[in-house]
Amino acid sequence: MNDYSVVHLATHAVFEKTKQDSFILFGDGSRVTLSQVEEKWDLSNVDLVVLSACQTGLGGELGDGKEILGFGYLMQNAGADAAIASLWTVDDEGTQALMTKFYQVLKQEKVTKAEALRQAQIALIKNQGGRGLLAHPYYWAPFILIGNGL
């Protein structure tokens, strides 16, 4: 993953009471625990990690205070400059629309990560793409940018 400037993980993540029980679940059913990420992942060349699945921005009760920031913080701790994560259960259609617009805007010259996320959220609010239901905050508001938004 360290060979890419942007890493997108559309996977489920769970924070439990221990680092061994907290994990990211991949599509093939395999898992990587919070401890494995802390010990083995090097994201020092990564500009942005996008965690677009449910509740990746929420932490648990591990006891050191950092867990409140969830896996987004963990990606920064592994070296990524910034992370996008979600604060609640997300809708697949809404997330796809938001992420599609986010990456379209991010490709533009001199657009920051923060501005690309803002513009993608506004696009859903204004019903760009023809799906009026996606204007509700449930679809666009769960995503937060943690870290360097430039």
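Hi everyone, let's start with a helix pair: α3 and α4 are oblique to each other, a word used for angles that are not under 35 degrees (roughly parallel), over 145 (roughly antiparallel) or 65 to 115 (roughly perpendicular). This is a predicted model, where local features need pLDDT of at least 70, side-chain atom pairs count only at pLDDT 80 or more, and totals for chains, interfaces and linings use all residues. Residues are numbered from 1 along each chain as its sequence is written, and side-chain values use heavy atoms, leaving out hydrogens and water.

Back to the pair. The axes of α3 (residues 92-106) and α4 (residues 113-125) cross at roughly 135° and come within 8 Å; axes are lines fitted to C-alpha atoms over the stretch in contact, with angles from 0 to 180 degrees between N-to-C directions. Helices here are DSSP runs of H or I, at least four residues, and strands are E runs of at least two, numbered from the N terminus. The contact (heavy atoms within 4.5 Å) includes Gly94, Leu98 and Phe102 of α3 and Ala116, Ala120 and Leu124 of α4.

Phe102 and Tyr103 are edge-to-face, 5.1 Å centre to centre with 70° between the planes. Phe102 is buried at 0% relative accessible area, while Tyr103 is partly exposed at 23%; buried means under 20%, exposed over 50% and partly exposed in between, with a 1.4 Å probe and protein chains only. Tyr138 and Tyr139 are also edge-to-face, at 4.9 Å and 85°.

Notes. Rings of Phe, Tyr and Trp (its six-membered ring) pair if their centres lie within 6.5 Å; planes under 30 degrees apart count as stacked, over 60 as edge-to-face and the rest as tilted.
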